Amino acid sequence: PADFNIKKLLDDATEHERTVYKSDVRLRIFHNSDSDWIPSCSIDFRNIENVFLPKKDMLAVFDRIDKFLNPKTKQLYKLLGMKRKLTILFAGVPGTGKTSFISAIASKYKYNICNLKYQKTTDSNLMTLGAELPSSSILTMEDLDCVIYERKQHDENHITFAGLLSFLDGTTVRDGTIIFITTNHKDKFDPALLRPGRNDFVMTFN
């Protein structure tokens, strides 16, 4: 056609490549709405070198994640007929770097972050969200103590304690799910929440 412009076509293709490249080097953040995950924003990857925490503690977390992601671990879970899930609890007072470390971990492993918003999230929605978690994503459940102790046990419009325990058992989550829980008051957690299998690793922030 007379109006065909090869230069514009190439420029458009280059711009598309730039857009794709930018999206590949940024951390995507999702939040939930009812039973769906909605893209919220994207942020720059966080360099793990800029996280100032005890090195031995960080290495212990990386070691746990590396073992979880190892193909041999995946094969073992498959042989046992179990769904693969890893839950890590970060406990400590506000401002000690829990959320920043999660961002750095997601950046290191090139995972996205799905932030669970508790408002109007029911037991049923929680199960669906776990099953429909976007691939290569970390699920974060921040300040979980607020959910447990500020809501009634049988409030049908919110997550119940029984529903939370069932979710953390991992039977309905996507295979390969990594969950990070944060709390300022681990001492208030019911022992049932800390049972191995529901919580696999605890790091304390001071």
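A charge counts as sitting over a ring when NZ of Lys or CZ of Arg is within 6 Å of the ring centre and within 35 degrees of the ring normal. Keep that in mind as we look around this structure, which is a predicted model.

R84 lies over the face of F68, while K108 has its charged end over the ring of Y109. Here they are side by side:

| Charged residue | Ring | Distance from ring centre |
|---|---|---|
| R84 | F68 | 5.0 Å |
| K108 | Y109 | 5.4 Å |

How many aromatic pairs does a search of the whole structure find? There are five. One of them joins F90 and F101: the ring centres are 5.5 Å apart and the planes are at 15°, so this pair is stacked. F90 belongs to strand 3 (residues 85-92) and F101 to helix 4 (residues 98-108), so the pair ties together parts that lie 11 residues apart in sequence. Are F90 and F101 buried or exposed? Both are buried.

Finally, let's turn to empty space. Rolling a probe the size of a water molecule over the atoms shows where such space is left. The largest pocket here has a volume of about 170 Å³. Which residues line the largest pocket? They are Y77, M82, K83, K85, D169, G170, T171, G197 and D200. Sorted by class, that lining has four charged, three polar and two nonpolar residues.

Note on methods: Residues numbered from 1 in each chain as written. Predicted model: local features only at pLDDT ≥ 70, side-chain atom pairs only at ≥ 80, totals over all residues. Heavy atoms only, no water. Phe/Tyr/Trp six-rings, centres within 6.5 Å; stacked < 30°, edge-to-face > 60°. Helix = DSSP H or I, 4+ residues; strand = E, 2+ residues; numbered from the N terminus. Buried < 20%, exposed > 50% of the residue type's maximum accessible area, 1.4 Å probe, protein only. 1 Å grid on protein atoms, 1.4 Å probe; cavity = no way out; pocket = protein on both sides within 12 Å on 5 of 7 lines; lining within 4 Å. Points joined across faces, edges and corners; volume = space filled by probe spheres on them. Nonpolar A, V, L, I, M, F, W, Y, C, P; charged D, E, K, R; others polar.
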